[in-house]
Amino acid sequence: MDQLEAELEAEFELLQIGHNQEKSEEDSRGIKPLEEQQQGVCPFELERKLHELMETRQEAKIKELKTALEDAKKRLHVKEVEASWWKDTACIVSEHVPQPSRINHSSQTRQYPLSSSIKLPSPIRFFLQAQVKMQAVIRSFVSGGNVVRSSLLQHLRVVNPAIQPSVLSTRYESTQPARMEEHGFESTTISDVMNAKGKSADGSWLWCTTDDSVYDAVKSMTQHNVGALVVVKPGEQQSLAGIITERDYLRKIIVQGRSSKSTKVGDIMTEENKLITVTPETKVLVAMQLMTDNRIRHIPVIKDKGMIGMVSIGDVVRAVVTEHREELNRLNAFIQGAMGMELKRSATAFLLLLFVHAARSFYLPGVAPQDFEKGDELKVKVNKLTSIKTQLPYSYYSLPFCQPKKIVDSTENLGEVLRGDRIENAPYSFKMREAQMCNILCRVTLDAKTAKAFKEKIDDEYRVNMILDNLPLVVPIERVDQGSPAVVYQLGYHVGLKGQYEGSKEQKFFMHNHLAFTVRYHRDVETDAARIVGFEVKPYSVKHEYDGEWSEKTRLTTCDPHKKRLVVSSSTPQEVEQKKEIIFTYDVDFQASTFEVKWASRWDAYLLMNDNQIHWFSIVNSLMIVLFLSGMVAMIMLRTLYRDISRYNELETQEEAQEETGWKLVHGDVFRLPANSDLLCVYVGTGVQCLGMVLVTMIFAMLGFLSPSNRGGLMTAMLLLWVFMGLFAGYASSRLYKMFKGTEWKRIAFRTAFLFPAVVSSIFFVLNALIWGQKSSGAVPFGTMFALIFLWFGISVPLVFVGAYLGFKKPAVDDPVKTNKIPRQIPEQAWYMNPVFSILIGGILPFGAVFIELFFILTSIWLNQFYYIFGFLFLVFVILIVTCAEITVVLCYFQLCSEDYLWWWRSYLTSGSSALYLFLYATFYFFTKLQITKLVSAMLYFGYMLIASYAFFVLTGTIGFYACLWFTRLIYSSVKID
């Protein structure tokens, strides 16, 4: 009896030692045991001891253990469940074989009793909890691991030494264990996993013989904290006989009631012919698939028919997770610049894609994304009232709409103020993903003045603009496009509408007093936070009714969510008349985005361009013009000029020289100082300023920095770029002035700094005074006016002087030929070489290259639509530059051949005359596309188009002038002049 008790105590002590080891391991890894609060002894352990006592017929101990077993089962509600592969382990030792590798072990599935709430020893509890998660991780890696690799990570195979993976830790690792080779988890092999485990990973080499008792094998597993042992034949350590796992112990010893001390390992092991094995060259993913399909957790590694180690599911998962972590580190390093060389190699391709990909630009959303939890307050803001009939914006609260307790103005940038935006808080109350029905906003009784104001705005078709999370409010309108329904979006909703009652011819005005808002969102499944991706509204005109006297708690009979009465039509509209009562209400509905629209692409619906073919037609049309002109220039340069220069250079006698005809005859006058040369210098410098502003603005727009989500950004950028381009304006004007032998560079700088801005400012101040007279929010406030003046006088003017100083300081450009003291008489010209005629003809082709795109620009400006096809616009702009240069060169050559050397101003006016056609087209557009009837609105239109045409004149004129200057210097520097 004493000997039996000593054995039992030793066995309990053995289990307790293993349990304490596992517990300390869990604590060091931060793992909490399952059902931590539950106390009690494992029933399986009690059953095992009960069977051993029965063998030795110790009745007292048997009775005591039976009582403890029954109590444990009652307390822990042990019930029968079907054993699946991840539930096969119960109360035995932990499965913690060293590091990354795979497992394989064949075993039959059978039913046996397993507690659903047993307090298991820590390692088993850990694996019961973790293996389901491991399986999910495995499947996710196997199914989705190629996504990142197939795109960016293929460029990240060469890793910066600074981001090498850390060594995988193990309980038995050596001081400097082997590091897993870095070549991607798809190419990682079992050999890499075993090397990563280290030479001291004893768990890979634990073994027992077929003659050892099961008790000794389990004791060895407990001491070394592993879940399986390799079984070899006695005396033949390299001859693999099978494998024994804790699962074999549970199923074949505990469940069947056999004695672990009297049972040999060879009786319960999984035999060699049933084993699933791998080689060191086996891919990790293949081993993982084997273990998953066969529901095993350990797999022996065989080489040359000899056993060299064993890996577990834990090793495999760690290997894959580690490799993924390293790939994430490499990706992070790539983003942060560790792959700078790769970026440099890709820069050229990236820039090409900017211009090739459908010639359309992308955009940056303009603000940082904001996540909203359910119930978060959403701030709705109101913006200006706009009308395409008057072009005069008004602030929202200029009409007697419902107001919040305190009106708070939002900060607007310079571009927003100039556009007439007036952003203020709104009385609407939204809660994220909490629908609201028939919310009463306020009740308003109209007097004569307010009724008249509403009628005027309704008659002028004013729209109300609102903003939610930087998204504009839109009204979805369905239309049939090429036989299929399509949805287009109208910015803002109309204040009201005009109509007649049935049977009456009298026109009435009706107010949109019920708004059905729809907020679309994209929800993150993991965090449950949402981002707003759409803000829509359907306006209704409803004459609300209610019972009794009006109070704050009054319920409407026409719109009551408690009685399921909702507003779905405007069948009983709210009329706008003096002494009429108007009740403003609204609904809010939240809908998940239909097509999984994410925050970054939420503007796509507003910027959707359905007229690609028209833009491409415009570009092809312009390219035809360019090809035609390029052919003419090539003919002149490669044939006529080459022949002329060769002939002129071969002249030997004075008689032959006197017979010269054509452009060489005017070589002594071609660089004669033009009339009003100072003014020409000023306009050339101003044109350089315009060209720089437009070019840089388009580049920023194509890069997405000036998207419509950044309200006012485009106008702000243009103003600031204009100011800073004053440096180049001063430089260009002073360089040309010095070439004309001028000496007073300060006078040129002063005129360059003030001429063009003064003309534009004068027109602008007159228009602003007209807007002030209409009490429109489009009038520029005094503070903004002061800011504009400061930009002009404080920044632009000094920069022009600095540029002029730098330009004048450089040596003058010498003419390629000398100028005669006496000017040559210009012969009588043919009718088609008349200066006015040739100038007007020269402006047609540059205008023809851009007039189709001009239509869309005017539509965006005057019909309140988005224009965001800067890719097309940039291509058209390049074509415009080439067209202006080539047409000027061609006409300049014809002029010189007719012995007319007054080319300076004509080269500027030839391409600059396209501005005249631009203004004429704007006039045509006004009468055919716009519905403006008020005189003030018409003056605004023509005033702003005059400014645009003037800027277009100096821009195109400068391009033509520099092209002609380059051409004349080139041809006259190529001939011999005596």
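**Ground rules.** I worked on a predicted model, where local features need pLDDT of at least 70, side-chain atom pairs count only at pLDDT 80 or more, and totals for chains, interfaces and linings use all residues. Residues are numbered from 1 along each chain as its sequence is written, and side-chain values use heavy atoms, with hydrogens and water left out.

**Whole chain.** I looked up the secondary structure and found 28 helices and 24 strands. Both are DSSP runs numbered from the N terminus: helices are H or I with at least four residues, strands are E with at least two. The chain has 978 residues, and 52% of them are buried. Buried means under 20% relative accessible area, exposed over 50%, and partly exposed in between, with a 1.4 Å probe and protein chains only. I then turned to contacts, meaning heavy atoms within 4.5 Å. Of those with a separation of 6 or more, 79% join residues 24 or more positions apart.

**α20 with α22.** I took helix α20 (residues 726-739) and helix α22 (residues 782-809) next. Their axes are 6 Å apart, at an angle of about 35°. Axes are lines fitted to C-alpha atoms, for helices over the stretch in contact, and angles run from 0 to 180 degrees between N-to-C directions. The crossing is right-handed: the near helix is turned clockwise from the far one by less than a right angle. The α20 side of the contact includes Gly-726, Gly-730 and Tyr-731. Among its partners in α22 are Gly-803, Ala-804 and Gly-807. By class I noted nine nonpolar, five polar and three charged residues. Nonpolar covers Ala, Val, Leu, Ile, Met, Phe, Trp, Tyr, Cys and Pro; charged covers Asp, Glu, Lys and Arg; the others, Gly among them, are polar.

**α24 with α27.** Helix α24 (residues 844-862) and helix α27 (residues 914-929) cross at roughly 35°, and their axes come within 10 Å. This crossing is right-handed. From α24, the contact includes Phe-847, Phe-851 and Phe-855; from α27, it includes Tyr-917, Tyr-921 and Tyr-925. I logged 12 nonpolar, two polar and one charged residue here.

**α14.** I checked the length of helix α14 (residues 448-459). Its 12 residues should span 16 Å at 1.5 Å a residue, and its end C-alpha atoms are 16 Å apart, which agrees. The expected span is 1.5 Å times one less than the number of residues. Thr-450, Ala-451, Phe-454, Lys-457 and Ile-458 are its buried residues. They cover an arc of only 130° around the axis, so they sit on the same side of α14. That arc is taken over the directions from the helix axis to the C-beta atoms. The buried residues pack against β19 (496-499) and β20 (508-511). Exposed Lys-449 and Lys-452 are on the face turned away from the buried side.

The buried residues of α10 are Val-284, Leu-285, Ala-287, Met-288, Met-291 and Thr-292. They fall within an arc of 160°, so they line one face of the helix. Arg-295 follows α10 with a positive phi, near 55°. Thr-279 lies in the loop between β6 (270-271) and α10 (284-294). Thr-279 is partly exposed, at 35% relative accessible area. Its C-alpha is 5.9 Å from that of Lys-303, 24 residues apart along the chain.

**Thr-888.** Thr-888 has 2% relative accessibility, so it counts as buried. Leaving out residues up to four places away in sequence, Thr-888 touches Ser-907, Thr-910, Ser-911, Gly-960 and Cys-964.
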